[in-house]
Amino acid sequence: PGINLQFAGDRLRKDYYHRWMRDPRRIDPATIMPKYFVNENETTLSEPLDGDGQKQMEAILQWMKQLDTEAK
């Protein structure tokens, strides 16, 4: 099973989250999470948000923050 993200939005420091999302294996060499970023703000995913990596990361972070709110 994966990790429980329900409370991750409140726990994560934004700078750590961005480093992790840009290059997960740099933080944890044993992770199975792939690297989606090919450049500073460009991901391998053309959708959503027109492939804008910064917007994609922020959308995921906001979604995680919302999970904790919905649980209360």
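Counting ring pairs in this predicted model gives zero aromatic pairs. An aromatic ring does take part in another kind of arrangement: the charged end of Arg22 sits over the ring of Phe37. The distance to the ring centre is 5.6 Å.

Now the overall fold. The chain has four helices and zero strands. Followed along the sequence, the pattern reads α-α-α-α. Taken along the principal axes, the C-alpha atoms fill a box of roughly 35 × 30 × 25 Å. Of the contacts with a separation of 6 or more, 37% join residues 24 or more positions apart.

Next, the surface. The chain has 72 residues, and buried residues make up 26% of them. Its accessible surface comes to about 5,300 Å². Carbon and sulfur atoms account for 54% of that area. As for charge, the chain carries 11 positive and 12 negative charges. Their mean positions are 6 Å apart.

Turn to Arg25. This residue is found in helix α3, which covers residues 24-27. Is Arg25 buried, exposed or partly exposed? Its relative accessible area is 46%, so Arg25 is partly exposed, because that class lies between the 20% limit for buried and the 50% limit for exposed. Leaving out residues up to four places away in sequence, Arg25 touches Thr31, Ile32 and Met33. Gly2 is 23 residues from Arg25 along the chain. The C-alpha atoms of Arg25 and Gly2 are separated by 16 Å.

Helix α4 spans residues 53-71. Which form does the peptide bond from Glu47 to Pro48 take? That bond is cis, with omega near 0°.

Leu49 also has its place in this loop. Phi of Leu49 is near 60°, a positive value in a residue other than glycine. Leu49 counts as partly exposed because its relative accessibility is 38%.

Asp50 belongs to the loop between α3 and α4 as well. Asp50 is not a glycine, yet its phi is positive, at about 55°. How does Asp50 stand, buried or exposed? Its relative accessible area is 70%, so Asp50 is exposed; the cut-off for that class is over 50%.

Then come the positive phi of Leu49 and the positive phi of Asp50.

Note on methods:
Residues numbered from 1 in each chain as written. Predicted model: local features only at pLDDT ≥ 70, side-chain atom pairs only at ≥ 80, totals over all residues. Heavy atoms only, no water. Phe/Tyr/Trp six-rings, centres within 6.5 Å; stacked < 30°, edge-to-face > 60°. Lys NZ or Arg CZ within 6 Å of the ring centre and 35° of its normal. Helix = DSSP H or I, 4+ residues; strand = E, 2+ residues; numbered from the N terminus. Buried < 20%, exposed > 50% of the residue type's maximum accessible area, 1.4 Å probe, protein only. Contact = heavy atoms within 4.5 Å. Areas by Shrake-Rupley, 256 points an atom, 1.4 Å probe, with all protein chains shown as cover. Lys, Arg positive; Asp, Glu negative; His and termini not counted. Charge placed at Lys NZ, Arg CZ, Asp CG, Glu CD.
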